[in-house]
Amino acid sequence: MLNLFKTEMIHYWKWTTGFMVLHLLVLYYLNFLGVNLYKPPQAMLLLLGMMIIALVGGAVQILLRRKPSEWAYLLQRPLSEKRIFLALAAAGCCHILIIALVPGLVMMIMQVGSSPYIIESRHFALLIFNIQPVLIGYFLGCFVAMSPNRLGLFALAGALVFINVYMNSWIAYFAPFMLAASMALAYLAFKADLSRPYRHPVALVLTELPIQFGLLWGLAMLMMIFLELQWAANGSPTRDPRPGTDFYYLQMTPEDKMQAALAASDDPRASFFSQQVTLGEITAVRQRERLSHPQRNQFPVLDSNLLLLDEERGIRWSFSHNTMLFEGRNINSNEAVGWLGSEGFAESRVSAKPFISVPWVTANQFVISDDTLYQVDWNQQAFYTRYVNDQGGRFSDSLGVTENITTLLSEGSVFIFNSRELLDHDIALKPVAEMTLPVDEGQFGNFMHILELIDGYLVIDQFNTSPTTIGADFDLYGRAELRLYYLAPGQETELISSMPLENTLEGVFVYNGLVLAPGMRLLSDLFFGVMLNKQSLARTLPMPFATIPTAVLGLTVLVSLLSTAIVFILIRKTAMPKNIQACWLVMTLFTGMTALVSLLVGYYWRKQDQLQVVEVSHASE
Amino acid sequence: MMTDYVLETRHLSKLFGRKRALDDFTLQVQKGGVHALIGSNGAGKSTLFRILLGFLTPNAGSAALLGEDSSALTPATRGRVGYVNEEHTLPGWIRAADLKKMQQEFYPQWQEDVYRNVIANFDVDHDQMVSSLSRGERAGFNLAMTLAQNPELLILDEPTLGLDVVAKQEFLDALLFCSNLDTTVIYCSHQMEEVERLADQLIIIENGRLKNQSTPEDFLNRVSLWIVDAIHKQRVRDKIPSLLSCREIEGEFHFYVLDAENSFSRQLGLLGINDPVSAPVGLDVAVRAYLSKNHLGADMTSRGEAA
C-alpha cells in the first residue's frame, strides 16, 4: 500500500508543485495589493477556488485511472480494493493539501508582524479548518468520477449547500461530518467494476441520498422555472401581490403601513396618531448584522469592523483577540504606537484594560461591546463609556444614527436614543425609549420603522413574511403579521394594532418539495435544521409540525405510490438481487419521485446492462 | 472451491447497451500449457478478460479464476494471476529499478532468477525512467516482472501488438522460457505464427460465443482445402453446407471446408466434379477461413471472391 502511495505521490508532484507556486503567487499578489485575505468575500472566493480545484483534482485522478488498461494495472495486484483506494486517496489528499495549505501557511508566516492586519493563532486555526471543505471537494470529485449512477454529479448539490452555510458562518462542527460523508461516498464507489450497482442496501442508500437531495433541488428549480414562466404570463404573486397578503404590505411605504395598522386598530388614539403619521418623519431601524455577536478567537472571516483609523495621526487601531485590546500601528512604518482598552488609550499593553467581549466599531467613532457603548474622540485622543446595558441581552452591530433618533438593537430590545445626546459626549446618554422585541419573531422579514410622536414613538414591524425560496420552512408560510407599537418614555411597550397577513404564495410553491419527495424533504429539513442550529424541533424539522392541507397529503401519497409502481416495473426484469430490489422499492416509497428519476436516468435509461437486464440467446454454435 | 480448471465460465453473457459482447459463453481451461485465445476484433476477448479479472460484471452466468468467483477475487488470488495487456501499462513516471523494487515487495513469491533470465533478452537500463523505455523494452520489462511474480495463471492480452520483428522475437523467446515454469498461460493474439509456435490449446471466440476449443492439430484436422477448377465454382458454393470460404487463385478456386474431409470429395463427386485436389492447410489460413465463415454468414462467397 505504501508503494502505491509513493507511486501516486511521484506521479503528480510536478503538477502539485506548479499549482502550489501558482497559489502562492496569487496570495502574494493579493497581499501586495493590500487585500485582507481573511475577510469575506476574498476568503470565501479563495476557499471556493481551492474546493473546485480539489474536486477537479479528485475527478481527474480517478478518470486517468478509469481507462481499462490503467484500471487493470491498478487493481490486478495482491492488495484489497479498499487498501488500493486508501493509498490513492491518501496521496490525492496529500497533493491537495500541499497545494492548499503550504501557500496559505507561508503567507501567514510572512504576514506575522509585517502586515497591517494582526495575524493570530485563530488565523492558523482557520487554515486548519479550511482543510475540511477542500478535502470534501476532493472526495466528491472522486465519487462523481466513480459513481455507477450517472447522476452522481447531483451529489454536489449537498456540498454546495454545505459550503454556502459554511462560508456564511464557518460552522466548524459540521465540517467533519460532511468530510466523513464524502469519504464514505468515495470509499463505497471504489470497486473493481465501477459500473456495477451497489450490492449492499446500506451502500445503496448512503450513496443515493446525496444524489436524490440534489435531484430534489433540481426538480424544485425546474418547478420554479415553470412557475416563473407562468407568472410572467399571468402576473407574479410576489411582484403584483393580492391586497391583504404579506408581499402586498411589504411593498408599501412605512407611512402607508402605519396608516393601515392604525385603521385596523380599535385604540382610541388611532386617529390622533394617524394625523401625526401624515406629518412626521419615519426612520428605518437599522437591522442587526448577520453575525452580530462576535466570539473571542472566532475565525477571522467572521470579523467585521474591527478597525479604527486615526487619520490625523496616521494610526491604524486593529483589534487583537489574543490581547482583547486595539493595537495601534503607524500606517506608514507599521510601528506599534500604543493600545486602546475599555478604559481608554495606554502606552503599554500592561496598563491597558482589556475589553471583556469582542467589540464592534461603527462610524470610526463608536465601539460597541456586548453590553457597553463607547465613543472615541480623535481630536482629544479620549475614549468615553456612553451607555451600559444592565438589563441583559447583548448589543448587536445595529447602531443606526439619523438626524433626530438613534436606534440600537440588543438580543431582546430596541433602544432609542436622542441623536444629539449621542454625539455630545459631555451629556450622560440614556435611552429615550426602549421596546421589547416580540418573542415569536421569525428569521425572515424583519422590517421595522419608527416615527417620533409628540409624546413618544410609533414602531411598525412586519415579520414572518413568506420566504421567496422553494424549500423554506413550512411553519413560516401564512404567519406574517403587521404590528404597531406605541412607546412612551419610561413606560411599557404598548401593542396598539396587530394584523395577520395572508400568505402571498400558492400551494404549489409551498408544497412542491413535499409532493415530489416527502422523505427527501424531511431529510433536507433535518439537514438544514441541524446545520443552521435552529433552536426548536418545530424549526429544525418543520414538516411534522406544519398544517398541511389534506389534498396535498393525498397528492404526496399518490406520487409516492405511482413512483414505487414504476420502479417496480422497471426493476422486476433485472438480475438485481432481491434485497436491493426491496431497498429500491422502500426508498421510492419514502423519497418518491427523486428515487424514480435516479433509477430511470441514473441506471436504467439507455443503460439497462448496468442493471443486468438480460435475455440470453441460446443460439447453437 | 477446488477445481482442476484455472479458468471457468458458465453461460456468461455481457451486454453493452444493445451489443452482446458475450453470449452464453461457457469455457473451461485446464491447468498447464499455453492456451491461445483467438478471435477477430470485437469478438469478446477483452470483455472476457475483464470479466474474469472482476473488472466487469456479467449480465448473466458466472466466471471463476483459479476456482474463485471472479466478482469477488481476493488479493491472494490476484497475487496468483499475472496480467499483461497490449499497452504494457506501467507507471512511466518512475525509474525501472524503483518499479521493479516496488513490484518485488508486492509479491513475496518473487523469483529473482526468473526475472534475470527473462530480462536478459532485453536491453533494459534500470536507471531509465519507464516512460523512456522503447515499446519492446517496456514489453520485455513488463513480462519479466510478471513472470518473476511466479503466477499460476498468466493472461497475455495481445502482448506483441505494435512490437517490431526483433522485439517480438525476443518477447516470444522470453515467453518460451515460461513454458518450463509451472504456469498456465492464456495467450490472446492475432498473430498466427506466434500461436502456432506457442499454443498447446486453441480457443476460438467469435461474436461473443465459443467456437472452438481443441489442440491446434485437432483444429487443423477439421479444416481442409480443396482446389477445384473455376467452372465448378457456382455448383460447389451453392450445394456444400460445410464450406467455410473460397478464394480464386490463378484461375483455380480454393475451397476451405470444415469437418468434411471425406464427405466433401464424395459430395464433389455427386456434383460431377471428379478431379478435386486436396492440399495441406496452415493454421493461419485455417483460422482465417474459419473466422470468415462466421463473419460472412450467407454472404461468405462474395467476400471470398473479393479476396
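This tour moves through a predicted two-chain model, from chain B to its contact with chain A and then into chain A.

Residues are numbered from 1 along each chain as its sequence is written, and chains are lettered from A and ligands numbered from 1 in the order in which they are written. Because the model is predicted, local features need pLDDT of at least 70 and side-chain atom pairs count only at pLDDT 80 or more, while totals for chains, interfaces and linings use all residues.

**Chain B**

Start by selecting chain B, which has twelve helices and 14 strands; helices (H or I, at least four residues) and strands (E, at least two) are DSSP runs, numbered from the N terminus. Of its 307 residues, 47% are buried, a residue being buried if 20 or more other C-beta atoms, placed from the backbone, lie within 10 Å of its own.

Next, select B:Ala36, B:Leu143, B:Ala144, B:Ile186, B:Tyr187, B:Val223 and B:Tyr290, which touch the most other members of the largest nonpolar core, a set of 91 residues. Such a core consists of buried Ala, Val, Leu, Ile, Met, Phe, Trp, Tyr and Cys residues joined through C-beta atoms within 7 Å. Helix α5 of chain B, residues 135-148, gives the most to this core, with seven residues. Centre the view on B:Leu143, which, leaving aside residues up to four places away in sequence, touches B:Val84, B:Val118, B:Pro159, B:Phe171, B:Ala174 and B:Leu175; two residues are in contact if their C-beta atoms, placed from the backbone, lie within 7 Å.

**Where the chains meet**

Now show both chains: the contact takes 32 residues from chain B and 28 residues from chain A. On the chain B side, β1 (5-16), β2 (19-30), α2 (75-78), α3 (96-106) and β10 (209-214) each supply at least two residues, and the largest share, four residues, comes from β1(B).

**Helices of chain A**

Move to chain A and select helix α7, residues 156-169. At 1.5 Å a residue its 14 residues should span 20 Å, and its end C-alpha atoms are 20 Å apart, which agrees; the expected span is 1.5 Å times one less than the number of residues. Within α7(A), A:Ala157, A:Gly158, A:Ala159, A:Phe162, A:Ile163 and A:Tyr166 are buried, and the buried residues pack against α3 (42-66), α6 (121-146), α8 (174-189) and α9 (201-234) of chain A. Following α7(A) is A:Trp170, whose phi is positive, near 50°.

Then select helix α14 of chain A, residues 507-516, which is mostly covered, with eight of its ten residues buried. Among the buried residues are A:Phe509, A:Tyr511 and A:Leu514, and what covers the buried residues includes α9, α15 (518-531), α17 (550-571) and α19 (593-604) of chain A.

Finish at strand β17 of chain A, residues 481-487, where five of the seven residues are buried. Strand β16 (residues 457-463) of chain A pairs with β17(A) in the antiparallel sense over seven bridges, two strands being paired if DSSP finds at least two bridges between them. Here A:Tyr485 of β17(A) is the bridge partner of A:Val459.

Strand β18 (residues 494-500) of chain A also pairs with β17(A) in the antiparallel sense, over six bridges, and A:Leu484 stands opposite A:Ser497 in β18(A). The hairpin of β17(A) and β18(A) has six residues between the strands, and in this hairpin A:Gly490 takes a positive phi near 75°.

Definitions and conventions:
Buried ≥ 20, exposed ≤ 12 C-beta atoms within 10 Å, placed from the backbone.
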